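Student: I have a new model open and want to learn how to read it. Can we take it feature by feature?

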Amino acid sequence: MDRHPWRLGPRGRRWFDRLLVAGLLLLVMGHVVAGQLPSTVFSVLELLPLLWRRRHAWPVFLAVAALSAAQAVVVDEPTVGQLAFPVALYSLARWSPRWQGIVGLLVGYAGALVAAVRWMLGFGAGELTAGNLTPYAVTISAIVTAAWALGFAAQEREKYVASLVARAEQAERMAEREVELAARDERSRIAREMHDVVAHGLSVIVIQADGARYAAAKDPDVAVGTLETIASTGREALTEMRRLLGLLRDGDTGVAPQPGLDDVRHLVDEARAAGTRVEADLPAAPVDVPDGVGLAAYRIVQEALTNVRKHAGPAATVQVRVAVDREVEVDVRDDGRGAAAPSDGHGLGLVGMRERAAVHGGTLEAGPATGGGFAVSARLPL
C-alpha cells in the first residue's frame with residue numbers, strides 16, 4: 001500500500017499549467033474581438049509567465065507585478081491579464097520562502113489600491129473619495145488575501161504531509177531494524193540450543209561407545225545395555241534438534257516441549273548411566289518457575305556436566321546442587337583436572353551459559369575451584 005498521498009506527477013503538473021494558461025488565453029479573445037490592442041498585449045504578456053510559476057515563483061511574480069503596474073498606466077479598465085496576479089501570488093505563497101510570500105501580499109495590497117483608483121477614474125464613478133474608493137479596494141484586497149491564504153495553507157499542508165511521510169519512513173526503518181535484531185537474537189539462541197544438544201548428546205554417546213568397546217570383550221551383556229543408552233541418548237538429541245529446526249519453519253512443529261527445571265534429575269541419571277560419579281542435591285517436589293528460567297537452569301547444568309565429561313577426567317566426582325527460593329541457584333562443581341585442561345579457543349559453552357543467565361537478569365561465575373577442580377555457579381532471579 002502506497003503511504004504517499006495522491007498528487008500530480010511532473011508531467012501532470014506541466015499539462016495542468018499549460019491548460020490553465022490556454023484557458024485564460026481563450027478569454028483574451030474577447031479583447032481581440034473588441035479591438036482592444038493594449039489590453040490584448042498586456043494580457044498575453046501577463047499570462048505566459050504562469051507556465052513557469054512552480055519552479056520560478058518569485059521571478060514570475062515580479063514579472064506579473066511589473067506588467068500589472070505598467071498596465072495600470074496604459075489601460076484604465078480591467079483586463080483578463082489581471083487574473084494572472086492572484087495566480088502568481090498563490091504560487092509565490094505556496095512554493096517560495098515565507099518572506100517572499102509576505103512581500104507579495106504587501107505588493108498585492110498596494111496594487112489593489114492602485115487598481116481601485118485607476119478603475120474609478122476610468123469608469124467615471126464619481127469623485128475620488130474614501131467612501132467611493134473603499135468598496136473597490138476591499139473587493140480587490142479580498143481576492144489578493146484569498147489567493148495568498150490558499151497558497152500559504154497549501155504550503156503548510158505540504159510540509160505537514162512531508163513530515164508525516166518522513167516519520168512513517170523512520171518508523172518503518174526502526175521496525176525493520178527491530179525485526180533484524182530479533183532475528184539475530186533468535187539465531188543466537190538457536191545456536192546455543194544446538195550447541196547444548198549436540199555437545200551433550202555426542203559426549204554421552206562417545207563415552208558410552210568407548211565403554212562398550214572395552215566391556216564387550218569381557219561381558220557382552222554390558223555392551224547391550226550401553227548400546228541401549230546410546231540409542232536412547234541419540235533419539236533424545238534428535239528430538240531436540242527437530243524441535244530447534246522446527247523454529248526455523250512456520251507452523252506447528254509437532255515435537256515435545258522444551259525441558260525445564262524438573263528435567264535436571266534426568267540429566268543427573270543420564271550422567272550416572274554414562275559412568276560419571278554424581279552427587280545431586282535437587283528439589284524434592286516439582287517446582288513452579290517460569291519456563292525461560294527453568295530452561296536456562298537446565299541448559300546450564302547440561303553444559304556443566306558436558307564439560308565435566310570432556311575435561312575433568314574419568315575419575316572425577318561432580319556435585320550438582322539446585323535450589324529454589326527467591327532465585328534459582330545452580331552449582332556444579334567437580335574435583336577433576338578440568339581447570340588445567342587445554343582449550344582450543346573455539347568453545348562456546350561458558351559464553352552460552354553466561355548469555356543465558358544474563359537474559360534473565362542473572363549472573364554466572366565459572367572457573368577453577370578452591371582445592372582443585374572446576375566450579376560453575378549461576379543465580380537466576382524469579
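Student: Which hand does the crossing of α3 and α4 have, left-handed or right-handed?

Tutor: A crossing is left-handed if the near helix is turned anticlockwise from the far one by less than a right angle, and right-handed if clockwise. The crossing of α3 and α4 is left-handed. This is a predicted model: local features need pLDDT of at least 70, side-chain atom pairs count only at pLDDT 80 or more, and totals for chains, interfaces and linings use all residues. Residues are numbered from 1 along each chain as its sequence is written, and side-chain values use heavy atoms, with hydrogens and water left out.

Student: At what angle do helix α3 and helix α4 pack?

Tutor: Start with the elements. Helices (H or I, at least four residues) and strands (E, at least two) are DSSP runs, numbered from the N terminus. Axes are lines fitted to C-alpha atoms, for helices over the stretch in contact, and angles run from 0 to 180 degrees between N-to-C directions. Here α3 covers residues 57–74 and α4 covers residues 84–95. They pack at about 155 degrees, with axes 9 Å apart. Angles under 35 degrees count as roughly parallel, over 145 as roughly antiparallel, 65 to 115 as roughly perpendicular and the rest as oblique. So α3 and α4 are roughly antiparallel.

Student: Which residues of α3 and α4 meet?

Tutor: Contact means heavy atoms within 4.5 Å. From α3 come A57, W58, F61, V64, A65 and S68. From α4 come A84, F85, A88, L89, S91 and L92. The residues of this contact are 10 nonpolar, 2 polar and no charged. For the classes, Ala, Val, Leu, Ile, Met, Phe, Trp, Tyr, Cys and Pro count as nonpolar, Asp, Glu, Lys and Arg as charged, and the others, Gly among them, as polar.

Student: How do the axes of α2 and α3 cross?

Tutor: They come within 10 Å and cross at roughly 170 degrees. That makes α2 roughly antiparallel to α3. On the α2 side are P38, F42, L45 and E46; on the α3 side are V64, L67, S68, A70, Q71 and V74. By class, the contact has 7 nonpolar, 2 polar and 1 charged residues.

Student: And how do the axes of α1 and α2 cross?

Tutor: Helix α1 spans residues 10–33. The axes of α1 and α2 come within 9 Å and cross at roughly 175 degrees. Again the label is roughly antiparallel. V21, L24, L25, V28, H31 and V32 in α1 meet S39, T40, S43, V44 and L47 in α2. This contact holds 7 nonpolar, 4 polar and no charged residues.

Student: Is E46 buried or exposed?

Tutor: Buried means under 20% relative accessible area, exposed over 50%, partly exposed in between (1.4 Å probe, protein chains only). E46 lies in helix α2, residues 37–47. Its relative accessible area is 0%, so E46 is buried. Leaving out residues up to four places away in sequence, E46 touches V64, L67, S68, Q71, T79, G81, Q82 and A84. With a relative accessible area of 8%, E270 is buried.

Student: How are aromatic pairs read?

Tutor: A pair of aromatic rings is described by the distance of the centres and the angle of the planes. Rings of Phe, Tyr and Trp (its six-membered ring) pair if their centres lie within 6.5 Å; planes under 30 degrees apart count as stacked, over 60 as edge-to-face and the rest as tilted. By this rule there are 5 aromatic pairs. In one of them, the rings of W148 and F152 have centres 5.2 Å apart and planes at 10 degrees, so the pair is stacked. W148 and F152 are 4 residues apart in helix α6, residues 130–216, and therefore separated by about one helical turn. W148 is buried at 17% relative accessible area, while F152 is partly exposed at 25%. Ring pairs also link W58, F61, F85 and W99 into a cluster.

Student: What does I205 touch?

Tutor: I205 is in helix α6. Not counting residues up to four places away in sequence, I205 touches I230, T233 and G234. I205 and G234 are 29 residues apart in sequence, and their C-alpha atoms are 7.4 Å apart. I205 is partly exposed, at 22% relative accessible area.

Student: How many helices and strands are there in the protein chain?

Tutor: The chain has 10 helices and 5 strands. Of its 382 residues, 36% count as buried.
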